[in-house]
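Let's take a walk through this model together, moving from one local feature to the next. Keep the viewer open as you read.

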Amino acid sequence: MRISDSAGTTDSGRKRRRNEDAFVLDPPLFAVADGMGGAQAGEVASRLAAAAFREFHEADELEPEERVAAIIQEANHRIYERARSDAQVSGMGTTITAALLSDSGVAIGHVGDSRAYRLRQGTLEQLTEDHSLVADLVRSGRLSPDEADTHPQRSVITRALGTDPEVDVDTFTVPAEPGDVFLLCSDGLTTMVGDEEIVETIGKASTLEQATKALVKAANRAGGEDNITVVLFSLSVEAGGLEDTAVAPADTRGEPDLEDTLTGLEAARVASPAAVLEREEETTAVWGPVDDDVEPVPQRRPRRNWGRRLIWALVALTFAVAVVAAALWAMSRANFIGADEEGNVVVYQGLPWELGGGIDLYRPHYVSRLQATQLTEAERAELFDHSLTSYDEARARLGRYEAEGVP
Ligand code: CA
């Protein structure tokens, strides 16, 4: 098996000034890193991680999974040491999701909430498990996957490179076959673009380079709330080794290079051959729900007299005022414990919901120096349970952990 095509793109998105993501495109080794930390610290962390992948060759002779884990430990070590010695970047960290093709499949190494996927015959399969607050809450049954998608703390990760001298790395190997396309990406793609659209977008592109650009475009079209990074690689049979390979693609008419490239993509293709042309039009079109076929149904409303209408309007208005007043009262009294985008544990005043359009029903009341990553999974489950308490009670609950965790 060999890599027939690969490409990577990163983009700052539409809301962030800086791009704290980085990627590695060094076939057969690939990685995506999503940095975090104030000022420029996130950029420093993700770039240090990427540099470790380029520069660290002491593990080249190891088995694939061990090799990936060793590079990630090296990256962790570099970031941790830098964060300790340079006050400007203290507290920085980064995710890492790496893939290495070998004879036995694709070895994955993973920390944080960037993701690896395998696209096989039109089906996208998520290979990594997020190390994030909302993923913990989903696993413990406190949140549904749908609620997790819009949860205010969805970007808080519970494992990162750079926060501790050693890091717990998930490693595993997935089987690979000719025609597979592997995707590594930061959460700026997956929070904006659904699985179906990812499959469709890759299927429509004629090269992986085009596919990465189209995916970034799709994330930006959906709002581009975060930095977006996409790495893709596709697999084909070894050149000249067709007869040895049990699982040969159906279409093998010679011209190995070009043909192999197309085969990889065509396995995932869901659109017609004219799709490449259509794509150009689609990307410039206004994006929104299309329901041309739905005729508005004319509605006849029964007539009511004005007196009854007025009474109903007053009842509705009174009810609405009461609901708003109750919500405001609850918001002024309620506090809950969560974490902010930098990973600090925070006591929030209000309710743990956002209304969409950037309207939150909560505001930070107290930001602790305690980091979410310093807590165990059980401790996080206990603290971040979203139960509403008084401010004093929330501080008291948090105080027990601060006494142990904050240096
Ligand atoms: Ca991100």
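Leucine 25 has phenylalanine 30 in E3 as its bridge partner. The two strands around this pair, E2 (residues 21-26) and E3 (residues 29-36), run antiparallel and are joined by 6 bridges. Between E2 and E3 the chain turns through a hairpin of 2 residues. Bear in mind as you look that this is a predicted model.

Two of them link distant parts of the chain: aspartate 187 sits in helix H5 (residues 187-190), while aspartate 226 is in the loop between helix H7 (208-221) and strand E11 (228-236), 39 residues apart. Are these two aspartates buried or exposed? Both aspartate 187 and aspartate 226 are buried.

With 14 residues at 1.5 Å a residue, H7 should span 20 Å, and its end C-alpha atoms are 19 Å apart, so the model agrees with the expectation. Its buried residues include Leu208, Ala211, Leu215, Val216 and Asn220. Just after H7, glycine 223 adopts a positive phi of about 130°.

Leu310, Leu314, Leu317 and Val321 make a nonpolar patch of about 410 Å². Of these, leucine 314 belongs to helix H10 (residues 306-333).

Definitions and conventions: Residues are numbered from 1 along each chain as its sequence is written. This is a predicted model: local features need pLDDT of at least 70, side-chain atom pairs count only at pLDDT 80 or more; totals for chains, interfaces and linings use all residues. Side-chain values use heavy atoms; hydrogens and water are left out. Helices (H or I, at least four residues) and strands (E, at least two) are DSSP runs, numbered from the N terminus. Buried means under 20% relative accessible area, exposed over 50%, partly exposed in between (1.4 Å probe, protein chains only). The expected span of a helix is 1.5 Å times one less than its number of residues. Patches are made of residues with over 30% relative accessible area and no salt bridge: like charges are joined within 9 Å, nonpolar side chains (Val, Leu, Ile, Met, Phe, Trp, Tyr) within 5 Å. Accessible areas come from the Shrake-Rupley method with a 1.4 Å probe; for residues, only the protein chains shown count as cover. A salt bridge is a side-chain nitrogen of Lys or Arg within 4 Å of a carboxyl oxygen of Asp or Glu. Two strands pair if DSSP finds at least two bridges between them.
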